[in-house]
Amino acid sequence: MKALILTGGLGTRLRPLTYSRPKHLLPVANVPHIEHVFDLLQRHGVDEVVLLTSFLAEAFEISVERAAQRGLTVAVAHEVEPLGTAGALKNAQELVGNETFLAFNGDVLTDVDLTGMVDWHRERGAEATIVLTPVDDPSAYGVVPTEPDGRVLGFIEKPPPGEAPTNLINAGVYVCEPKLLDRIPEGLVFSAERELWPAVVEDGTMYARGTDAYWMDIGTPANYLQANLDALAGRYVCSAVAHPDDGMALLAAGAEIHESARVSSSCLGSGSRVEADATVERAVLLSGASVGEGATVRDAVLGERVKIGPGVAIEATAIGDDEIVDEEK
Ligand code: GDD
Ligand code: MG
C-alpha cells in the first residue's frame, strides 16, 4: 500500500522556526518529525511513500535518502505553487495507481492502528475513511459528526468556538479509494477540508472511526514542544527513546551539559551545549544551540545555533535559528 503525505504547507504558526525549514523536518526526540511518520508506516507494512511537497521541498532530501536506506521507497510530487490539501493529492494521481491508499497530514504524530483502519474501511466499502480523535478545543480542527455505524454526517472545518457538535476531530489520517481523486480538478487550488470532504459526505460514501491512540498535530510551538516531552515520557512508540522517563535529557551526538548545569525533560540536538550553572527545563535545543553560564531556559524551543547569553532567563518562547539573546525575552 502507498501513503501520500502532505508536506507542502508554510508552517506559519511555527514561525520563526519554519522560516528556514518545513515543520515536518523539525526534530522530535532529535529525529526529523517526518521520520517518525515513516516509522509508523513501516510498522504497518507500508513501504511506499509519496511526499506532496511545495515550500522548501529540497530540504527533504536527507530524510528521503535515509528512508531509502531502511527499505522505504519515497517518491515526490512537487507543487510549484501550493495546490491546497486536495490539489496536492490530485497532483500525485499518476503515482497512486488502482489501489486503496493512505493519505496523511504530514504534521501529525500518532500511534493509530493503520492496519485496523484499512480493514474497517474495506468492511464498509467506503470511498474514504477518516480517523477521528477527541480534543478539548475542536475549534482549531475539522469537526466530524457521525452516525453510530461510522457514516460521516458532516465535515465542519474550524467552527467558531463553542459551536462544534462534537469534540471528535479529523486526525488528518485517511484511507482512500483511487476514484476519490477524480473528484478533484487538475492544476487548481482545492481544499480537502472545505471542498472535497463535504462533497464525499454529501454522497454518503465517507466513514470515520475514532481512536484513543496517541495523537498530536505538531503545528504550533506548544504542541511541538509537547510532542518532544511525550516522546521522553514514553507516551507513544518512539524508536529514538530507548528508555523513556519524563524527566530525562535526550542528548544527540556531541551535545554537552556542564556537570554543574541542571537539565531535565529536554531534547538536546547535535553539538548543543549547556554551560555551568545553567537550568534547562522542558526545552528543545536544535543543533548547535547553546545556553550560557547561569542562564535559565524553560518551556522553550531554541533554533539552530541560537545563543542564550550568560545569566539570561527565557520562558515559553520559540527562538529562530542564529539569534543571539543577551536580554530576557
Ligand atoms: N503539498 C501541500 N500543498 N501540502 C499542504 C498544503 C498544500 O497546498 N497546504 C497544507 N499542506 C500540508 C501541511 O504542510 C500539513 O502537513 C497538512 O497539509 C495539514 O495542513 P495544516 O495547515 O497543518 O492544517 P491544520 O492543522 O490547520 O488542519 C488540518 O489538520 C487538522 C488535524 O491536525 C485539517 O485537516 C483539519 O481538518 C484537521 O483536524
Ligand atoms: Mg496541522
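## The magnesium site

A donor to a metal is here an N, O or S atom within 2.8 Å of the metal (3.2 Å for Na, K and Ca), and because water is not among the atoms, sites may look incomplete. In this predicted model, local features need pLDDT of at least 70 and side-chain atom pairs count only at pLDDT 80 or more, while totals for chains, interfaces and linings use all residues. Residues are numbered from 1 along each chain as its sequence is written, chains are lettered from A and ligands numbered from 1 in the order in which they are written, and side-chain values use heavy atoms, with hydrogens and water left out.

The magnesium ion, which is ligand 2, is coordinated by the OD atoms of Asp107 and Asp217, at 2.0 to 2.3 Å. These two residues link distant parts of the chain, 110 residues apart, since Asp107 sits in the loop between β6 (101–105) and β7 (108–110), whereas Asp217 belongs to strand β13. Helices (H or I, at least four residues) and strands (E, at least two) are DSSP runs, numbered from the N terminus. Asp107 counts as buried, at 8% relative accessibility, and Asp217 is buried as well, with a relative accessible area of 15%; buried means under 20% relative accessible area, exposed over 50%, and partly exposed in between, using a 1.4 Å probe and protein chains only.

## The largest pocket

Rolling a probe the size of a water molecule over the atoms shows where empty space is left. On a 1 Å grid over the protein atoms alone, a cavity is a set of points where a 1.4 Å probe fits but cannot get out, and a pocket is an open set with protein on both sides within 12 Å along at least five of seven lines; lining residues have an atom within 4 Å of a point. Grid points are joined across faces, edges and corners, and a volume is the space filled by probe spheres set on the points.

The largest pocket holds about 910 Å³ of space. It is lined by 38 residues, and those closest to its centre are Arg13, Lys23, Thr85, Asp107 and Glu193. Elements that give two or more residues to this lining include α3 (84–90), α6 (192–202) and β13 (215–217).

## Aromatic pairs

The whole structure has 3 aromatic pairs, where rings of Phe, Tyr and Trp (its six-membered ring) pair if their centres lie within 6.5 Å, and planes under 30 degrees apart count as stacked, over 60 as edge-to-face and the rest as tilted. One of them is the edge-to-face pair of Tyr141 and Trp215, at 5.6 Å centre to centre and with 70° between the planes. Tyr141 is in the loop between β8 (128–134) and β9 (142–143), while Trp215 is in strand β13, 74 residues apart. Tyr141 counts as buried at 17% relative accessibility, as does Trp215 at 13%.

Another pair, Tyr174 with Trp197, is tilted, at 4.7 Å centre to centre and with 40° between the planes. Because Tyr174 lies in strand β11 and Trp197 in helix α6, this pair ties together parts that are 23 residues apart in sequence.

## The cavity

The structure holds 1 cavity of 30 Å³ or more, with about 80 Å³ of space in the largest cavity. Of its 13 lining residues, His36, Val37, Leu40, Leu109 and Thr110 lie nearest its centre, and α1 provides the largest share of the lining, 5 residues.
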